[in-house]
Amino acid sequence: MHKILIIEDEIKIAHSLKQILEEEGYSVQAVVTGEEGFFLINTEVFDVVILDLMLPGRSGLEILEALRRRDQQTLVLILTARDTVEDRILGLDGGADDYMIKPFATSELLARIRVLLRRGRSEQIFRLQFGGLDLDLVTREAHRDGQALELTSKEFDLLTYLVRHQGRFVTRGMIARDLWQETTRATPLDNVIDVHMARLRRKIDKDFPEKLLHTIRGVGFIMKKEES
Ligand code: CA
């Protein structure tokens, strides 16, 4: 059974994450101060540490540095607020394996943990590449074949989501839930998603012979190379 440690000072988040992860079959400990987290990473071994950055006592970055000094195996998923993401992430210097911006959907967190456990540690967590697309998740710049793409913030989020799910179907319901934080399905939102998707497709595919973003009628969308 995989062992997960949650270090998060927002008690409600810590407890609900613990419960959800336990329901998924993980062995979970949750602590709400940096000191407790620091103690545990120095005394026990975990497969995954879910680490909030803004903590009382010791900061998430201090904990991460201490962990990495003696352990290169444990997977670390950072939780951070949107307004501090760039500074914080730039300071991580490769010590974390993924990050999520609060508020986040728990389904997305579970998916990320599954990917981390399957994939293991990787060098390039703040860069996504696919079919000539190159996304820098820190600067939020996107290129295709070296050519800069002028994307809005929402389009960048949408593209990141599609690339993370490459080769798999992405439904409008998933996009509504994970990118618009809407759980109830509504036709107006579907139309908004379609408009964003059409603009995104124009920007990433129009000038290139190989199309990457495909609409699957009655299902949603898929990011894939044409031959696959
Ligand atoms: Ca916090």
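## Close-up views of a predicted model

**View 1. The calcium site.** The calcium ion is coordinated at 2.1 to 2.3 Å by Asp 9 (OD), Asp 52 (OD) and Met 54 (O). Donors here are N, O and S atoms within 2.8 Å of the metal (3.2 Å for Na, K and Ca), and water is not among the atoms, so sites may look incomplete. Along the sequence, the donor residues of the calcium ion follow the spacing D-x42-D-x1-M. Helices (H or I, at least four residues) and strands (E, at least two) are DSSP runs, numbered from the N terminus. Asp 9 is partly exposed, at 28% relative accessible area, while Asp 52 is buried at 3%. For these words, buried means under 20% relative accessible area, exposed over 50%, and partly exposed in between (1.4 Å probe, protein chains only).

A note before the next views: this is a predicted model, in which local features need pLDDT of at least 70 and side-chain atom pairs count only at pLDDT 80 or more, whereas totals for chains, interfaces and linings use all residues. Residues are numbered from 1 along each chain as its sequence is written, and side-chain values use heavy atoms, with hydrogens and water left out.

**View 2. The two domains.** The domain assignment divides the protein chain into domain 1 (3–121) and domain 2 (126–223); such bounds come from an automatic or database domain assignment. Taken over C-alpha atoms, the centres of domain 1 and domain 2 are 27 Å apart.

View 3. Two strands are taken to pair if DSSP finds at least two bridges between them. Asp 136 has Glu 141 in S8 as its bridge partner, and Arg 144 stands opposite Gln 147 in S9.

View 4. The hairpin of S7 and S8 has four residues between the strands, and Arg 140 in the turn has a positive phi of about 60 degrees. In the hairpin of S8 and S9 there are two residues between the strands, and Asp 145 takes a positive phi near 45 degrees. Asp 145 is exposed, with a relative accessible area of 56%. Most residues other than glycine have a negative phi, and most peptide bonds are trans.

**View 5. Thr 160 in helix H6.** Thr 160 belongs to helix H6 (residues 153–164) and is buried, at 9% relative accessibility. Not counting residues up to four places away in sequence, Thr 160 touches Leu 128, Leu 135 and Leu 137; contact means heavy atoms within 4.5 Å. Arg 112 is 48 residues from Thr 160 along the chain, and their C-alpha atoms are separated by 13 Å.

View 6. You will find His 165 in the loop between H6 and strand S10 (169–170). His 165 is buried, with a relative accessible area of 10%. Leaving aside neighbours within four places in sequence, its contacts are with Glu 108, Val 170 and Met 174.

**View 7. Backbone details in two loops.** Lys 102 and Pro 103 are joined by a cis peptide bond, with omega about -5 degrees. Pro 103 lies in the loop between strand S5 (98–102) and helix H5 (106–119). Gln 181, in the loop between helix H7 (172–179) and helix H8 (187–205), has a phi near 50 degrees, a positive value in a residue other than glycine. Gln 181 is partly exposed, at 46% relative accessibility.

**View 8. Lysines over phenylalanine rings.** The charged end of Lys 3 sits over the ring of Phe 46, 5.0 Å from its centre. Likewise, the charged end of Lys 225 sits over the ring of Phe 130, 5.5 Å from its centre. A charge sits over a ring if NZ of Lys or CZ of Arg is within 6 Å of the ring centre and within 35 degrees of the ring normal.
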